[in-house]
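I opened the notebook to look up how side chains pair up in one protein model. My entries follow the order in which I checked things.

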Amino acid sequence: MRKSAIFVPHFHWDREWYEPFQVFRHRLVTAFETVLETAEANRDFRFTADGQLAVIEDYLEMRPEHRDRVAALVAGGQLAIGPWLILLDEFLCSGETIVRNLRMGWAAAAKLGGAMPVGYLPDMFGHVAQMPQILARAGIEHAALWRGVPGFVGGHAFRWRAPDGSEVRTEFLFDGYDNGLDVLLVPDQIGRALGEYAEMTAERWGEDPVLAMAGTDHAAPDPGLADRLRRASGDERAITIATLDEYIREHVRDDASAVVTGELRSHVRGNILPGVLSVRLRLKQRMAVAERTIDHAERMNALWSGRDESQFLSLAWHKIIESTAHDSVVGSGTDETVEQVEARLAEATHIARAVRDAALAERAARVPSDGYLVANPLPFPRTALVEVDVTAPPEGTALVATTADGATRPVQLTSVAPTVLSDERMDASQLERVLRRIHRRELFGRLIDHYELTPGSLVFHLAEVPTSGPFDLLILRREVAAAAAARPGEWTVLTLETARATALVPVPVPASGLASFRVRPSERPAAWTDTFAPATATARALSNGLVDVAIAADGTLDVTGVDGTVLRGVGRLVDGGDRGDSYNYAPPARDVLVSEPTEVGIDVVENGPLRSLIRVTRCYDWPAALSEDRDVRGAETVPTPVETLVEVRAGEPFVRVRTSFLNRSADHRLRWHVPLPEPVTRSASAGQFAVTERGLTAEGGWGEYPIPTFPASTFVSAGPAVVLVDHATEYELVADGSELAITLLRAIGSISVNIHPFRDEPAATELPAPGAQDLGVRIENRFAILPSATGWQGANAVTLAEDFRNDVLVARGGAAGGGLPADTSGPRVDGADVLVSCVRRVTDDECGPGTEVRLVAMSDTGSAVRVTGPFSEAVTVDLLGRPLATTPAADGLDLSLAPWEIRTLVVR
């Protein structure tokens, strides 16, 4: 009997890519109706719907009348759906987003009969280290994937182990997710072709049947496939059809003895297309903003609001998760596709912002209108630097802040706004036109405090919070009409605002808590009573007693950390050509690297005591584009000023950096370098519930040059340099490990190029993508430099990265008067290297109402954790929310998290 084979009919459906979503959906409806008709006509037919519920949801939105047909096929085992909502790019979203993707996909599949219990990840551009734990803690024992598997795996399956030790058996689609199609090319030769394929790959299959994945991108199944396979099999029944789940659970005997630990980013068996980490910067930044905003919205709603906003939050999450698709957030689509992804992420941010701000407004309504509410979204207390708009102090006086406990805090003024908003001359007959600007009491975005009406003159006095009592617009209209009639001719209309200023205030805020403060004039500034030194600036230096910055003549920085560690030459910019595409970087054969500025300017912007800022402006002559010969960088150059704001804040052990420039060059890559005191052989970066170590090289062997560029989501560490980042970022150790390079921009003009020096085969059709050049776009990046001789763990980088990325939230008070309300705390989490990725309201039927808190031990030694707050018990749940154990917690909860463990609690 010849080698048996199991064919798995499927399609891989990129929801949006070289066509926008709605174009592909039109094709999806036709393709999926073929699936339904084929399955209903032949009970032996099986179909695997790409592991993502999005294809089902997108179809049923257009054909809701076919919902029962879909459910019947799922119930009958002919149609495998889920478990994901969307097939994501795992490195370009947060670990929390991955969990929500799985939860939403699983829940949607349950309504149609249940999800396929296989972590199907067929086409992602590499896989994160913690994916086995995410799957295992959702009760999923199997995965199936293609890209990123290291070369030592010789069979068709392996044990994939997460950093915490969790494992899933993983089916290795070593010839891709379309390997069965080559066998089917000649219908009357299927038996022969299958035999040859089985013989060529015999060592991989062992005693197990061949897995033939019969499907590809955006292609409906062949309705006649089952008949052709039956004829090719003959009486031996050696060829059958199954879903992927059936193949794994019913036909495989291999115990998958090979073990792979951690992330999968090898190039040896398939392209992982690493250039997607850095192309179309705005998508990565918008994803990070959307994820942060919804995280804050969930925390504020759960802790401080009486309203259940779950429908809005679910909608926002759905839009974020849709945008994580591996051809969406990566930016490898056409310009119109990318515009749609950007708009979707913006919409998700808007929804989340509305929920967040509504929750803040509920609490701000209890704060006097001359005060401010500050909310801390993080589960540890901190003193936050808050920037607010205040009434400027009279000349000769200072401002101080007062908190609810009566303590005074220093205030730093950073700007004073003009008080004359308009000064106009007009005929008396035109005064009515001025009154039409007033909406009830609002004028020019402020409120009318009072007005002065004298012959020939009308003066409005505006304030943010009026103090003069009621205002009646009808009376004003009557008075102005009478005055205009009595005094014809030219009038002066003056609109004055109470002098305003922007102030910085240090506000202590409890863990997950609320605090409030007022700002008032004082005869003398508040005394500096903090345990840390003030921030100061001189012509070329910044300091706050914890970190020092000296600015060199070339505009680079020498940064000295708390422990005396010095990083010199930080921020050297290196610009080079890029003749690649959205998938892979490629330097021109005759590249021109520009690293020296033609001009450097250094200006002090602010000089403490709370914040000090220096602006460094460096001008560079960058080539405008590649020449017609794409292997040569063009001779024409454009002068490009790059502005760098260098900032230190009182009490912070790191230096904040913001870079900004207007991009006028095409086909180039710009990187920001951190020279290291000594060469290193390892780096580490944080993201997706883990800190992953990497070397100086990547494993190659397929058809893709293994460029060792890697992702970082919250920080990257190399030797004594730790860089905190605010969005998914590409980095590389260069110059034999003596410098850390972080990509600020990669500008290219094509989705894919046919002939690529770093990739043998095209990654897609060679379509133009002019928007990916970011021409005429202001490119902005922000990060922070944290020198530490003991690396990221000694520097407390997990906590500091959260502090850097998550600003406190501020709202103006809304109460008529009274004192400041007392500070209020929410859940507090104490423990070293512990990430809290989720605090949200849940109303699960099985577990009951409560607040879900997800903890991650971000170290290889585990963490002792104490959780305290307004709750009396804690239920440990799996990642799908199913209860596992209940623990009394009236006096708090003491936990011991294993290394890299993800633990989810529902407290109430």
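**Cysteines**

I started with Cys 838, which counts as buried at 0% relative accessibility. For this label I use relative accessible area: buried is under 20%, exposed is over 50%, and partly exposed is in between, with a 1.4 Å probe and protein chains only. The model is predicted, so local features need pLDDT of at least 70 and side-chain atom pairs count only at pLDDT 80 or more, while totals for chains, interfaces and linings use all residues. Residues are numbered from 1 along each chain as its sequence is written, and side-chain values use heavy atoms, with hydrogens and water left out.

Next I looked up Cys 93, which is also buried, at 3% relative accessibility. How far is the sulfur of Cys 93 from the closest cysteine sulfur? I found 15 Å, to the sulfur in Cys 838, and that is too far for a bond. A disulfide is a covalent bond between the sulfur atoms of two cysteines. The cut-off I used is a pair of cysteine sulfur atoms within 2.5 Å. For the structure I noted 0 disulfides.

**Salt bridges**

I then turned to charged side chains. A salt bridge here is a side-chain nitrogen of Lys or Arg within 4 Å of a carboxyl oxygen of Asp or Glu. How many salt bridges does a search of the whole structure find? I wrote down 67.

I looked up the pair Arg 282 and Glu 342, whose side chains form a salt bridge at 3.7 Å, N to O. This pair links distant parts of the chain, 60 residues apart: Arg 282 lies in helix H11 (residues 281–304) and Glu 342 in helix H13 (residues 335–364). Helices (H or I, at least four residues) and strands (E, at least two) are DSSP runs, numbered from the N terminus. Arg 282 is partly exposed at 34% relative accessibility, whereas Glu 342 is buried at 11%.

My next pair was Asp 389 and Arg 446, with a salt bridge of 3.1 Å, N to O. Here, too, distant parts of the chain are linked, with Asp 389 in strand E12 (residues 382–391) and Arg 446 in strand E18 (residues 446–454), 57 residues apart. Asp 389 is partly exposed at 26%, and Arg 446 is buried at 18%.

I also checked Arg 425 and Asp 423, which meet in a salt bridge at 2.6 Å, N to O. Last, I noted one network, joined by salt bridges that share partners: Glu 96, Arg 100, Arg 103, Glu 298, Arg 840, Glu 852 and Arg 854.
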